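Here's a quick tour for anyone meeting this protein for the first time. Have a look at the sequence and the model, then read on.

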Amino acid sequence: LPEIPLERTVELGRQRGRIGELLSVGVGSVIDLGTAAGAPLSIYANATLIAQGEAVVVGERYGIRVTDIVSPRERVRRLGGEGT
């Protein structure tokens, strides 16, 4: 396969708020992402959802265990390609 650069992102959760709330964040602050513990993580490649997974600890690092993969057809649909 060709060596094409790819940005991978894992999303644990999202939150909407006000600038004032963001400015009050400091070391030790806890930000509620509105996601339940154990909820699936979204895995993106170049901002396109490709899979769901769960957080795991591998040695002293975090990793993701893939639990579900978005079908190639669905990935193309989300990119605005065929079938939209």
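Predicted model: local features only at pLDDT ≥ 70, side-chain atom pairs only at ≥ 80, totals over all residues.

## A sheet, a pocket and some confidence scores

Zooming out, strand 3 covers residues 48-58 and is joined to strand 4 by eight bridges, with the two running antiparallel. They belong to an open sheet of four strands, ordered 1-2-3-4 and paired antiparallel. At the edges you'll find strand 1 (8-11) and strand 4, each with pairing on one side only. Leaving direction aside, neighbouring strands in this sheet are turned by 40 degrees against each other on average.

| Element | Residues | Mean pLDDT |
|---|---|---|
| strand 4 (highest) | residues 61-69 | 92 |
| helix 2 (lowest) | residues 72-78 | 82 |

So much for the sheet and the scores; now for the pocket. What volume does the largest pocket have? It comes to about 180 Å³. Its lining is made up of Gln 15, Arg 16, Gly 17, Arg 18, Glu 21, Leu 22, Val 25, Val 30 and Ile 31. Sorted by class, the lining of the largest pocket has four nonpolar residues, two polar ones and three charged ones.

Key. Residues numbered from 1 in each chain as written. Heavy atoms only, no water. 1 Å grid on protein atoms, 1.4 Å probe; cavity = no way out; pocket = protein on both sides within 12 Å on 5 of 7 lines; lining within 4 Å. Points joined across faces, edges and corners; volume = space filled by probe spheres on them. Nonpolar A, V, L, I, M, F, W, Y, C, P; charged D, E, K, R; others polar. pLDDT = per-residue confidence, 0-100. Pairing = 2+ DSSP bridges. Axes fitted to C-alpha atoms, helices over the stretch in contact; angles between N-to-C directions.
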